[in-house]
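Here are my notes after a pass through this one. Have the structure open while you read.

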Amino acid sequence: MVKQTIQIFARVKPTVRKQQQGIYSIDEDEKLTPSLEIILPRDLADGFVNNKRESYKFKFQKIFDQGANQETIFENIAKPVAESVLAGYNGTIFAYGQTGSGKTFTITGGAERYSDRGIIPRTLSYIFEQLQKDSSTIHTTHISYLEIYNECGYDLLDPRHEASSLEDLPKVTILEDPDQNIHLKNLSLHQAATEEEALNLLFLGDTNRMIAETPMNQASTRSHCIFTIHLSSKEPGSVTVRHAKLHLVDLAGSERVAKTGVGGQLLTEAKYINLSLHYLEQVIIALSEKHRAHIPYRNSMMTSVLRDSLGGNCMTTMIATLSLEKRNIDESISTCRFAQRVALIKNEAVLNEEIDPRLMIIRLQKEIQELKDELAVVTGEQRTEALTDAELLQLEKLITSFLEDQDPESRLDVGTDMRKIHHCFHHLKKLLNDKKIHGKSTVSAEIKDQDCQEPLKEKEYQKLRDILQQRDNEINILVNMLKKEKKKAQDALHLSSMGRNEWRHSQSSSLPPGNSEGLRMLPSSATTQVRDVSTVGHRSSLLHRKTGMREEMSLGRQEAFEIFKRDHADSVTIEDNKQILKQRFSEAKALGESINETRSKIGRLKEEITQRHMQQVVLGLSENTALPSMPDSLEEKLRSQLEEEKRRYKIMFMRLKALKVEIEHLQLLMDKAKVKLKKEFEAWWTEEATNLQVNSPATNSLNHMRPFPQTPESQEGRSQLVSNRSDVNTRKILPSPHPIPQSWGHNSTSASLESSISERPASSIPLTGDSQTDSDILAFIKARQSILQKKCFQ
């Protein structure tokens, strides 16, 4: 590893006779570092009091005055770098200065005389001369030539340069690997076996360079060019290969646009040149600072390509070209300042050696074969790379016998052949893995079976529990239904027996002694009545089961509720709200249909407008005329219809929205009225039932029928009561097939019932013994009395 700062040299361009020369001096004392002093005489135009600096002094490794030739430049600057490249180190030489200061002449040379050859052709000649002298090593040389024009990279050795424009050529792009090494895509490498081939490549690249005439230079290069020589060398029989590369960089010259006054394409090129040089200076400043963490290499393509040359694995040299004419003094001072900053950068050059993998493989294979031959000579048998089938079978038998042997001191003897030993280990490992896998599979299968059986058992138990619960529920429902049916049948039989006894007493007292036909008709009539009552009870039970409501109101209570609702003060309001709600629903339905029709019409109008536009476009294309700026009359008509339909749609939609709010409000009012009606009925019903039970103390003690006086009026009242109870419980009595007495007729039932109820006290009404039924009967009678009283007052 070689640590050194970047070497800086200065070269002063010879001045033109017409131009006024600046004042400078060169101090080349052998004991001290050479220095260049630029003197600025005081200008009287600035006044007597002038604090401007009059002299600038800069140090360089060596300063070449105007009389230095190209040979001297090469010997002092390029030759040491070329020698380090031949030794295996990377090298870079770049020229920096303002436009027209001699950078291209120094790097490439002039075309007029052979002695004007620059650093690149002289370095190529020197390298190939040294390679021819050194016959003990094998060398390969490759050339690449990169141009950076307006921050875009181009390959100057691309053969398509002559036939294609610059924009059509593939651009060189930068790729970076994980080790932060730079690789250039689309940049070709050309092998050069002789100096002539290398020079031909150089001349081809120089022909393709961008050159233009500017006020400062007749042949100004408008791009940065990097000529790279790649060297590889290795000694015969060695696996070590040395790689080195030499960058010879010709930077475009910086220029002040205010001084040159260029424009157009030259101005654009000057902008890109100054910008890239500015980024180069930023990198130099960042590298010169000791504790700088980030170096902005990626700001420009040039600094990315020259990353190793600036503060990396490279031995770098800079040539500062100066034009010390009076008009260029400021630019020359700026160039010297830049060189002083570059001199502060330290590079660490490393010898680039690596092992060739192909040669290493060949060498190792040869060594293996030699060892095999020596082993065969010692053992007396020639060994192949793999064991034969017979040897493998014998080894398997030995392993099987060793495993089956119960003697703990038994040994497996396969000799000193490592191939056999490795095979035995592999075989034992395979057997052990197979056993583990088999054991794991068996255990996992058992666990899986258990896991599968446990969920199955749990599911089965849960299913059986659900079925059992379902059966219990069904049994309970059936038992309750049977109890109800049994109770209803008992009530019906009890009522029928009570009716038969009353009829017998009434008929025995009303019929003459010799009338036996009436007696024969009575049993059939009573039997029919019993059948009707049982049939009605059966139907009532069926209705009760179908509705599925345990706490449903009884039939008498329902009838009382209907009468209460009809006579309630809010009934008219509820009916009116129902009618209004019905009207609003009809209106909303009609509005919805109208809205749908309007929406369809709007869609059709939009399609017609679109079709009209398409027709106009097609017509314009066919007649090759421009589209009219204003729509025609038909389109205006369609648009007016569309706006009208949209307005109607909006009005109807707002009306539908208002109807929806009104409907919801009416429904809410009706729901509140219904709830209020039901609550008032429940309160009224409970109050009437309580008052009835308080006013009739004998109700709870009557568990069986009381005998009534056998008079025609009582018989008629009793029959009317029975008929009324059947009407309350069933709302319909099936007609009897036989004629019945006038007292059982339907026409006289209502009037006689009302008279009997209004005249008879509650304590004299027969009850059934069932508390719920008796309560319903008494409440119903009380309700009828209240309703009759209301009607009388009305």
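Predicted model: local features only at pLDDT ≥ 70, side-chain atom pairs only at ≥ 80, totals over all residues.

1. Start with the largest nonpolar core, which has 46 residues. L36, I38, F60, L251, L280, L310 and M318 are the ones touching the most other members. Helix α6, running over residues 265-288, is the top contributor to this core, with seven residues. Apart from it there is another core, this one of 37 residues, with F9, I107, A192 and A198 among them.

2. F60 is worth a click. Leaving aside residues up to four places away in sequence, F60 touches I8, F9, A10, T33, P34, L36, A320, C336, A339 and Q340.

3. Now helix α1, residues 70-87. Its 18 residues reach 24 Å from the first C-alpha to the last, close to the 26 Å expected at 1.5 Å a residue. There is a kink of about 45° at A78, shortly before the proline P80. Just after α1, G88 has a positive phi of about 115°.

4. Which residues of α1 are buried? They are Q70, I73, F74, I77, A78, V81, A82, S84 and V85. When you read that list, remember that an α-helix has 3.6 residues a turn, so residues three or four places apart point the same way.

5. Last, the strands. β1 (residues 2-5) pairs with β18 in the antiparallel sense, over four bridges. V2 has A349 of β18 as its bridge partner. In β18 (residues 346-349), N347 and A349 make up the covered face, while K346 and E348 make up the uncovered one.

Key. Residues numbered from 1 in each chain as written. Heavy atoms only, no water. Core = buried A, V, L, I, M, F, W, Y, C linked by side-chain atoms within 4.5 Å. Buried < 20%, exposed > 50% of the residue type's maximum accessible area, 1.4 Å probe, protein only. Helix = DSSP H or I, 4+ residues; strand = E, 2+ residues; numbered from the N terminus. Contact = heavy atoms within 4.5 Å. Expected span 1.5 Å × (residues − 1). Bend = angle between axes of the 7 residues up to and from the residue. Pairing = 2+ DSSP bridges.
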